[in-house]
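Work through the exercises below with the model open beside you. Try each task before you read its solution.

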Amino acid sequence: MDKSRWTARTLAAEAFPAAVRKDPGRTLLAFDFDGTLAHMNPDPEAVSLVEESASALEQLTGLGVDLALISGRPVDTLVRLGRLQERPAFSQATILGQYGIERLDLATGERRIPPIPVEIDRARPELAQLVADHPGAYLEDKGRALAVHVRRMPDPEAAQAALSEPVHQLAERHGLQVEPGRLVWEVRAASADKGDALRELIRQHQPRAVLMAGDDLGDLAAFAALAEAAKRGIYTCALVSDSQEQPELRRYADVLCDGPDGVAAWLQHLVSNLR
Ligand SMILES: O=P(O)(O)OC[C@H]1O[C@H](O[C@H]2O[C@H](CO)[C@@H](O)[C@H](O)[C@H]2O)[C@H](O)[C@@H](O)[C@@H]1O
């Protein structure tokens with residue numbers, strides 16, 4: 001276990017492993033995917049789950065811990081890229097995709113996939129044209145959301161500044177919202193956020209201890225839901241996978257990890273505390 005890759009910054013972080021050890025069956029661990037369980041890659045299709053995290057999660061779920069993903073990705077993309085169906089850790093996991101609008105329970109195969117809003121279908125051709133006009137920009141079509149990626153452009157920060165206004169104007173024209181992320185804007189309907197997703201899981205599992213791990217602005221709503229849970233006496237832990245791209249997340253961290261490898265190191269630490 002590499003302790004140099006994460007820092008426990010609060011009393012909540014210190015108390016969390018003991019709370020899990022006391023009642024692993026009433027512990028919920030919720031993770032964002034990209035940037036937290038998977039390394040960033042210029043190609044959104046070329047990512048995979050960090051194996052050290054997968055193996056720590058297998059040991060934790062073996063002790064009865066409940067596992068969930070809360071991601072901006074569609075649930076089927078998470079299953080495919082994470083190879084979740086081959087992984088014992090995820091056999092009972094709940095997958096909340098597209099910021100919680102989609103749901104897949106891997107134990108039963110039960111799915112919640114609402115229809116695609118008509119506004120997205122109307123915005124798609126215009127957004128595709130905008131991306132085509134900016135060489136290196138990439139449009140990820142997630143069905144019910146459209147993500148404009150600039151990571152592959154020669155100067156991504158400058159590209160993001162240049163594209164900001166047209167993306168926001170287009171979204172507004174179509175009655176859609178823009179979700180900013182790490183060198184990406186997601187154009188989607190304003191129907192859910194990761195805070196609602198975490199509240200749904202907490203209602204369902206009634207945990208004594210809850211962890212939320214994330215790296216991006218979309219995870220802030222879930223950290224807010226975690227803070228509400230703490231006020232109700234639940235042991236909580238906000239784990240931030242740190243990056244130069246979203247330094248503002250640091251102030252929410254009970255545990256600050258050095259990217260996805262730091263997350264894996266902290267999960268291994270949690271496992272070693274439960275033995
Ligand atoms: O909520 P998440 O699981 O973190 O998903 C958020 C978005 O992540 C993906 O984009 C990010 O990762 C890509 C692959 O590493 C990277 O190329 C991109 O720059 C990042 O923004 C994904 O493509 C989006 O659909 C997700 O919503």
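A residue is buried under 20% relative accessible area, exposed over 50%, and partly exposed in between (1.4 Å probe, protein chains only). This is a predicted model, where local features need pLDDT of at least 70, side-chain atom pairs count only at pLDDT 80 or more, and totals for chains, interfaces and linings use all residues. Residues are numbered from 1 along each chain as its sequence is written, and side-chain values use heavy atoms, with hydrogens and water left out.

**Exercise 1. Decide whether Pro-17 is buried or exposed, and find what it touches.**

Step 1. Locate Pro-17: it sits in helix α1, residues 11-22. Helices (H or I, at least four residues) and strands (E, at least two) are DSSP runs, numbered from the N terminus.

Step 2. Apply the cut-off. Pro-17 has 6% relative accessibility, so it counts as buried.

Step 3. List the contacts (heavy atoms within 4.5 Å). Leaving out residues up to four places away in sequence, Pro-17 touches His-269, Leu-270, Asn-273 and Leu-274.

Step 4. Check the separation along the chain. Pro-17 and Val-271 are 254 residues apart, yet 8.8 Å separates their C-alpha atoms.

**Exercise 2. Explain why helix α3 is largely enclosed.**

Step 1. Find the buried residues of α3: Val-75, Thr-77, Leu-78, Val-79, Leu-81 and Gly-82.

Step 2. Draw the conclusion. Six of the eight residues in α3 (75-82) are buried, so the rest of the structure largely encloses this helix.

Step 3. Name the cover. It includes β3 (66-70), β4 (94-97) and β5 (102-105).

Step 4. Arg-83 follows α3 and has a positive phi, near 50 degrees.

**Exercise 3. Find the side-chain partner of Arg-87.**

Step 1. Identify the partner. The side chains of Arg-87 and Glu-51 make a polar contact of 3.0 Å. Such a contact is a pair of N or O atoms within 3.5 Å; within protein, one must be able to donate a hydrogen and the other to accept it, and residues adjacent in sequence count only if both atoms are side-chain atoms.

Step 2. Beyond four places in sequence, Arg-87 touches Leu-49, Glu-51, Ala-54 and Gly-82.

**Exercise 4. Trace ligand oxygen atoms to Asn-41, Glu-140 and His-149.**

Step 1. Start with the backbone. A polar backbone atom of Asn-41 is 2.5 Å from a ligand oxygen.

Step 2. Turn to side chains. An N or O atom of Glu-140 lies 2.7 Å from a ligand oxygen. For His-149, the distance is 3.4 Å.
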